[in-house]
Amino acid sequence: MSSDRHASPQQPYGTAYEQMLENVRHEGAYPTRERADEAVRLVLAGLGRQLTGDERVDLARCLPLEAARALTAQIPDTQPLTGWAFVKDLAARTGASQATTRWDTGSVLSAVAAYGGPDLITRILKQLPTGYALLFGRAELMQAA
């Protein structure tokens, strides 16, 4: 069929992942679902290089299968990145601007936060270096000295 010619090899997606893509597409104001899919895969691969332990496993369980695969296909880095370094790293890997990458990251991680729920996202933020709270759509709270 001619309509199948333009479909990406990963399709058809599961219904849960389709809904996630629509949420990210809406949140990020992306023109196409394919653009939202690129952002989701990029950001989740990057997050997969940052998360370890129970938080990684628990987040993967909450996500649609395709998103969980993007997250868990990555081997965690030995040196975790701050939130800003995370955005810069993703931008360098794709050649996109840091502003565009920051937008993509916020759009995707806001959707991820909805899947993970507040308790899991709090645990994830405690594990990660500073700078990720804003990427997940939360205020960055500092501990009093």
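**Figure 1. Overall architecture of the protein.** Of the 145 residues of the protein, 41% count as buried. The coordinates shown here are those of a predicted model. The protein contains six helices and zero strands, and its elements follow the pattern α-α-α-α-α-α when read along the sequence. Among contacts in the protein with a separation of 6 or more, 64% are accounted for by residues 24 or more positions apart.

**Figure 2. The largest nonpolar core.** This core comprises 38 residues, of which Leu44, Leu47, Leu59, Leu63, Val112 and Phe136 touch the most other members. At least two residues of the core are supplied by each of α1 (15–28), α2 (33–48), α3 (53–62), α4 (65–72), α5 (83–94) and α6 (98–127). The helix that gives the most is α6, with nine residues.

**Figure 3. The surroundings of Leu47.** Leu47 is among the residues that touch the most other members of the largest nonpolar core. With residues up to four places away in sequence not counted, Leu47 touches Leu59, Leu71, Phe86, Leu109, Leu128 and Phe136. Phe136, one of these partners, is likewise listed among the core residues that touch the most other members. Leu47 also takes part in the meeting of α2 with α5, where Phe86 is one of the residues on the α5 side.

**Figure 4. The packing of α1 against α2.** The axes of these two helices come within 9 Å and cross at roughly 100°. That angle makes α1 roughly perpendicular to α2. On the α1 side the contact is made by Tyr17, Glu18, Met20, Leu21, Glu22, Val24 and Arg25, and on the α2 side by Arg33, Ala36, Asp37, Val40, Arg41 and Leu44. Classified by type, the residues of the contact of α1 with α2 are seven nonpolar, no polar and six charged.

**Figure 5. Asp37 in helix α2.** Asp37 is found in helix α2 and belongs to the contact that α2 makes with α1. Its relative accessible area is 9%, and Asp37 is therefore buried, since the limit for this class is under 20%. Leaving aside residues up to four places away in sequence, Asp37 touches Tyr13, Tyr17 and Leu21. Of these partners, Tyr17 and Leu21 are listed on the α1 side of the helix contact.

**Figure 6. The packing of α2 against α5.** Helices α2 and α5 pack at an angle of about 125°, and their axes are 11 Å apart. The two helices are therefore oblique to each other. Their crossing is right-handed. Leu42, Val43, Gly46 and Leu47 in α2 meet Phe86, Leu90 and Thr94 in α5. The residues of this contact divide into five nonpolar, two polar and no charged.

**Figure 7. Tyr132 in the segment after α6.** Tyr132 lies in the segment that follows α6. The residue is buried, with a relative accessible area of 1%. When residues up to four places away in sequence are not counted, Tyr132 touches Gln50, Leu81, Thr82, Gly83, Phe86, Leu125 and Glu140. Phe86, one of these partners, is also touched by Leu47.

Note on methods:
Residues numbered from 1 in each chain as written. Predicted model: local features only at pLDDT ≥ 70, side-chain atom pairs only at ≥ 80, totals over all residues. Heavy atoms only, no water. Core = buried A, V, L, I, M, F, W, Y, C linked by side-chain atoms within 4.5 Å. Buried < 20%, exposed > 50% of the residue type's maximum accessible area, 1.4 Å probe, protein only. Helix = DSSP H or I, 4+ residues; strand = E, 2+ residues; numbered from the N terminus. Contact = heavy atoms within 4.5 Å. Axes fitted to C-alpha atoms, helices over the stretch in contact; angles between N-to-C directions. Parallel < 35°, antiparallel > 145°, perpendicular 65-115°, else oblique. Left-handed = near helix turned anticlockwise from the far one by under 90°. Nonpolar A, V, L, I, M, F, W, Y, C, P; charged D, E, K, R; others polar.
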